[in-house]
Amino acid sequence: MVRRTRAVRTCVGCRQRASVQELLRFTAVGVEGDHVLRPDPDRRLPGRGAHLHPDPACLALAQRRRAFGRALRIGGVPDTDGLARHIEASPPTSGHPDRTRVASKVGRPT
């Protein structure tokens, strides 16, 4: 019997590992320092991608830690408005491993 393993990635916000089905992939689109983060829920956009829990707390952590530039290997501070709108519009997920820990890092009560 062949057993397939599921792909596991690390959230750039909370730094916890999760399956790719639980995380939102995003890429940076732009040139020379003016980058816009574009959500890629279908995982089809070209280029280097990174993953984030579709949770505003993880987005806030990634912004505070300036993790987007390191994860995507880009310079400057990318525009996160499109990614934030996508996360706010998406339904809340129950797949986040530890919402209490993430909320406390951001400084929000749960």
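This is a predicted model: local features need pLDDT of at least 70, side-chain atom pairs count only at pLDDT 80 or more; totals for chains, interfaces and linings use all residues.
How many residues lie between β3 and β4 in their hairpin?

**View 1. The hairpin of β3 and β4.**
There are 2 residues between β3 and β4 in this hairpin. Look for Glu32 in the turn: its phi is positive, about 40 degrees. Strand β3 covers residues 24-31. It runs antiparallel to β4, and 6 bridges join the two. Start at Val31, whose bridge partner in β4 is Asp34. Then find Gly30, which has His35 as its bridge partner in β4.

**View 2. The open sheet of three strands.**
Here 3 strands form an open sheet in the order β4-β3-β5. The pairing is antiparallel. Which strands stand at the edges? They are β4 (34-39) and β5 (49-52). Each has a single partner strand, so one side of each is left without a neighbour in the sheet. Neighbouring strands are turned against each other by 35 degrees on average, direction ignored.

**View 3. The pairing of β3 with β5.**
β3 also pairs with β5. This pairing is antiparallel and has 4 bridges. Take Phe26 as a landmark: its bridge partner in β5 is Ala50.

**View 4. Helix α3 on the sheet.**
Helix α3 spans residues 81-89 and packs on the sheet. It touches β3, β4 and β5. The direction of α3 makes about 15 degrees with that of β4.

**View 5. The two sides of α3.**
Which residues of α3 are buried? They are Gly82, Leu83 and Ile87. These residues cover an arc of only 135 degrees around the axis, so they sit on the same side of α3. On the other side, Arg85, Glu88 and Ala89 are exposed. The buried residues of α3 pack against β3, β4 and β5. They also pack against α1 (56-65) and α2 (67-72).

A disulfide is a covalent bond between the sulfur atoms of two cysteines. How many disulfides are counted here? The count is 0. Cys11 and Cys14 show why: the cysteine sulfur closest to that of Cys11 belongs to Cys14, 3.8 Å away, which is too far for a bond. The cut-off for a disulfide is within 2.5 Å. Seen from Cys14, the closest cysteine sulfur is that of Cys11. Are these cysteines buried or exposed? Cys11 is buried, at 0% relative accessibility. Cys14 is buried too, with a relative accessible area of 2%.

How values were computed
Residues are numbered from 1 along each chain as its sequence is written. Side-chain values use heavy atoms; hydrogens and water are left out. Two strands pair if DSSP finds at least two bridges between them. Axes are lines fitted to C-alpha atoms, for helices over the stretch in contact, and angles run from 0 to 180 degrees between N-to-C directions. Contact means heavy atoms within 4.5 Å. Buried means under 20% relative accessible area, exposed over 50%, partly exposed in between (1.4 Å probe, protein chains only). The arc is that of the directions from the helix axis to the C-beta atoms.
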